[in-house]
Amino acid sequence: MSSTDSAQQAGKQQRISTVELGSNGPVVGVQGLGCMGMSWAYGPTDADEARATLERALELGVTLYDTADAYGAGENERFLAPFVKAHRDEIVLATKFAIGVDPSAPYKRVINNDPAYIRTCIDASLQRLGVDSVDLYYMHRRDPKAPIEETVGAMAELVAAGKVKHLGLSEVTADELRAAQAVHPIAAVQSEWSLFSRDIERSVVPTAAELGVGLVPYSPLGRGFLTGAFVSADKELSEDDFRRQQPRFTGDNAAANAALLEPVRRIADARGASLGQIALAWAQHRAEAFGLAVVPIPGTRKRSRIEENTAATHIALTEEELALLEPIAAQVSGDRYADMAFTSAGRE
Ligand SMILES: NC(=O)c1ccc[n+]([C@@H]2O[C@H](COP(=O)([O-])OP(=O)(O)OC[C@H]3O[C@@H](n4cnc5c(N)ncnc54)[C@H](OP(=O)(O)O)[C@@H]3O)[C@@H](O)[C@H]2O)c1
């Protein structure tokens, strides 16, 4: 297909470009789609619009679709199954294991990295997704009691068995990444990375660049906060919205953090862009800054927003704009999670 044809297919909007995610990793569109919110965590969903968003994303060149067994205790994988069936060879399907969720207490999590548990998890994910294999299988969280070599060894067995094509790790430290890579090639690390969360730049990102591992920034829009769509989670979001539990989006922190968006707004206004597009263009720029593949996975359930978000891949921020954005992260008030034990200690 010529580039003119593919632009027409995308409905006038330019398709996004592609990149190899890690050495010998899968080739994917430079922006992926986080599917979690379609079934879980961010309040009520319009399922028809979410399905249409998956299709629109594909038209625009998005190929990496991100889910996890924990999202709605399997519900998000089941939701994706018909889309996956219709487009199996066009997409790179990523899912995760390690977080057990009790459906009656959805935000209470149990982390498990045991090999036997992993084998159960992959079979259950494959069944829910309706596939024989997934393209990228992540350890969602690290259980510090389990030796990482053993966990990655069990994941490598899934590759040998043909159930998984590439391996990934979420929220690991640089040392854990190194130890894992010695057991089996790791295609990608998925960790929170945005204008508000830059701690991984200290050692995880440089280590990934050195080892030829790609980076998949999750929550690159700061769970929506960086778009200016809401300021105070406890006042504006629904009772069951996970963000009401996150310290940086509530109480005095929320107001203080909203004020930090001023330079983002100034750049957006000057360019006729949205705040979210500037946040995503910044995330994309990290690839150049650190010399590695970076594929952010903003989550949305709306066609208009996938168009807006993918359009951000065509924005190249100037040195002056990057300098205005530089001081933001250091000033953010409040932790990422209410229970910081849920992140890996020393992940920076
Ligand atoms: N590995 C991990 O531990 C981990 C943790 C969290 C998330 N993730 C993955 O990362 C993905 C993305 O992270 P996330 O969903 O937490 O956060 P995010 O991508 O930073 O933000 C998602 C939020 O922003 C809103 N949004 C998206 N585009 C927008 C736009 N253009 N304008 C205004 N609002 C917009 C979405 O609302 P609508 O949906 O209503 O558009 C949603 O509320 C998830 O879907 C999940 O797959 C992984």
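A pocket, on a 1 Å grid over the protein atoms alone, is an open set of points where a 1.4 Å probe fits, with protein on both sides within 12 Å along at least five of seven lines. A molecule sits in a pocket if more than half of its atoms lie within 2 Å of its grid points.

The model is predicted, so local features need pLDDT of at least 70 and side-chain atom pairs pLDDT 80 or more, while totals for chains, interfaces and linings use all residues. Residues are numbered from 1 along each chain as its sequence is written, and side-chain values use heavy atoms, without hydrogens and water.

Select the ligand: it sits in the largest pocket. Next, show the 30 residues around the ligand (a heavy atom within 4 Å). Those that come nearest are Tyr 42, Asp 66, Leu 221, Thr 300 and Lys 302. Helix H12 (residues 303–311) gives the most to this shell, three residues; helices are DSSP runs of H or I, at least four residues, and strands are runs of E, at least two.

Now look at polar contacts (N or O pairs within 3.5 Å). The side chain of Arg 141 has an N or O atom 2.8 Å from a ligand oxygen. For Gln 190, a side-chain N or O atom is 3.0 Å from a ligand nitrogen. At Pro 220, a polar backbone atom is 3.4 Å from a ligand oxygen.

Finally, select the open sheet of seven strands, E3-E4-E5-E8-E9-E10-E11, with parallel pairing (at least two DSSP bridges per pair). Its edge strands are E3 (33–34) and E11 (214–218). E10 (residues 188–192) pairs with E11 over five bridges, where Glu 192 has Tyr 218 as bridge partner.

Notes. A polar contact is a pair of N or O atoms within 3.5 Å; within protein, one must be able to donate a hydrogen and the other to accept it, and residues adjacent in sequence count only if both atoms are side-chain atoms. On a 1 Å grid over the protein atoms alone, a cavity is a set of points where a 1.4 Å probe fits but cannot get out, and a pocket is an open set with protein on both sides within 12 Å along at least five of seven lines; lining residues have an atom within 4 Å of a point.
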